[in-house]
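Could you look over the model below together with my comments? They are set out for someone who has not seen it before.

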Amino acid sequence: MSTTERKYPAPMVNPEIKPFFDATAQGTLMLKKCVACGQTHHYPRAICPFCASERTEWVTASGRGTIYSYSVMRRVPVPYAIGYVTLEEGVTMMTNIVDCDLDAIRIGQRVKVVFKPTEGGPPVPMFTPA
Amino acid sequence: MTIKGKAYVAGVFEHPTRKADDKSLAQLHAEVAKGALADAGLAKDDVDGYFCAGDAPGLGPLSMADYMGLKLRHMDTTETGGSSYVIHVAHAAEAIALGKCNVALITLAGRPRAEGMATGTVPRAPVAAAPDAPFEYPFGPTVANQYAMAAMRHMYQYGTTSAQLAWIKVAASQHAQHNPHALLREVVTVEEVINSPMISDPLHRLDCCVITDGGGAIVVAKPEIAKSLKRPLVKVLGAGEAPKHQMGGKIDLTYSGAVWSGPTAFAEAGVTHADIKYVSIYDSFTITVLITLEDLGFCPKGQGGKLVADGNLISGVGKLPFNTDGGGLCNNHPANRGGLTKVVEAVRQLRGEAHPKVQVRNCDVALAHGTGGSLGTRHGSATLILDRE
């Protein structure tokens, strides 16, 4: 079943997270990493949620990961798969699993990032079987 | 410093309506307030503390104090979604213990059904400037598919089955058949739950709670006042509260904040699981109950499926009677917030005022637990332990 008919609402971009969506427009997935404690987090913040340091920097993610969990929403005109993907960098992010048979999605499945356009905003990172 | 024994639940009320086309939101709040005060045997002018959450209209306590004509010296608007009101009971006990108020009124009301709200299946517009929204809202998170992801992971990790989840709904329906106000009074089977339409894998329609209008209220009073009234004495023994969130991306959907709120409440109450005769567990979905019971320690982690199966949650049948009013799954989920009615049914049980068909014998200690927000993203967990004096 295709998910291409579904339209994606635009993320509301603010100054703190603008670099993330500038990067998605270039086809790159960025994460925030803390220089002080060395840990990567998501969603991105100016101040590290682990050690409260302001010394956080943007790093490029590999865009590869595995499905941590998912659910196919059935009671809507166009069914879609929401999911959490655990990236190789260790963080788990909410996303959609797209461009695949929704009934064949499995936890643990290897996936890679793709960028999908939103309605009037920057593209957002989604994942498809690797 | 503890709240143990410092305050009593003097009055409770659950609005009988399930669809309030002809009432305003403020009116519903005032009606449930009146009901709980009448249940306690107190008057409006006895109230000097007021608690409400995000469902209250306008500027919360300011608008409602104005509407109801309250003269207050204490206000609390702790907002943790549907668990707010369980926390409010604990905060009311704290305020009473400190002498900040003598009689605390907690109200909840809403009319999502009259307003035609698609509570579970349509993404809710993000709260302004919510920091998570740009990284979630584009992906279509709904209440149903967020909880569904928690269920999916629990099944993957622990082998939990749809049939085991279905037993939670079956138990709720067994209780709801005796509640004349329940929205769904029909007894259902495991097969009927599993064969109901899939909403969001693996949650079926009958794994989801009802959408109802109405509300409820609770009156918490200081010991001297509670003991002067003619109602059975229900005492606050202990409470715990905690948020659980995504932990910067170290996401684990298999447990809830009950792993923190539960032990805090048990320690303050000074009781063990064997002492608990009845539990009210927030049941937005069947999975919510299963994960909560594990996290509260009623079984080892991952064994919730076995705990809830085979009628073990049915009063008079199983070892752990729960939600004897039919809960959110069958009876009532006013304003899409089920925490207040969890306290109400626990109080009914402790007073011996539950329906005779579901009343737990010698019900002297009970637990009420709320989960507000989403198991799939962030939520507030609240545990309250009460006893009958």
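The numbered points below take up chain B as a whole, then a helix pair in it, and then the strands of chain A.

1. This is a predicted model, in which local features need pLDDT of at least 70 and side-chain atom pairs count only at pLDDT 80 or more, while totals for chains, interfaces and linings use all residues. Residues are numbered from 1 along each chain as its sequence is written, and chains are lettered from A and ligands numbered from 1 in the order in which they are written.

2. Chain B holds 12 helices and 11 strands, where helices (H or I, at least four residues) and strands (E, at least two) are DSSP runs numbered from the N terminus. The radius of gyration of chain B, taken over C-alpha atoms, is 19 Å, close to the 21 Å that the globule rule (2.2 Å times the number of residues to the power 0.38) gives for 389 residues, so chain B is as compact as a globular protein of that length. Its C-alpha trace spans about 55 × 45 × 40 Å along the principal axes.

3. Of the 389 residues in chain B, 62% are buried, a term that applies when 20 or more other C-beta atoms, placed from the backbone, lie within 10 Å of a residue's own.

4. In chain B, the axes of helix α5 (residues 162–176) and helix α9 (residues 286–295) come within 9 Å and cross at roughly 100°, the axes being lines fitted to C-alpha atoms over the stretch in contact, with angles running from 0 to 180 degrees between N-to-C directions. α5(B) and α9(B) are therefore roughly perpendicular to each other, the class for angles of 65 to 115 degrees.

5. Strand β4 (residues 64–73) of chain A is mostly covered, with eight of its 10 residues buried. It runs antiparallel to strand β5 (residues 80–87) of chain A, to which eight bridges join it, and β4(A) and β5(A) form a hairpin with six residues between them. Three bridges join β4(A) to strand β7 (residues 110–116) of chain A, also antiparallel; two strands count as paired if DSSP finds at least two bridges between them. Thr66(A) has Thr86(A) as its bridge partner in β5(A) and Arg110(A) as its bridge partner in β7(A).

6. An open sheet of three strands in chain A has the order β2-β1-β3, with antiparallel pairing. β2 (40–41) and β3 (56–60) of chain A stand at the edges, each with a single partner strand, so one side of each is left without a neighbour in the sheet. Strand β1 (residues 30–34) of chain A pairs with β2(A) over two bridges, and Lys32(A) stands opposite His41(A) in β2(A).

How values were computed
A residue is buried if 20 or more other C-beta atoms lie within 10 Å of its own, exposed if 12 or fewer, and partly exposed in between; C-beta atoms are placed from the backbone. Angles under 35 degrees count as roughly parallel, over 145 as roughly antiparallel, 65 to 115 as roughly perpendicular and the rest as oblique.
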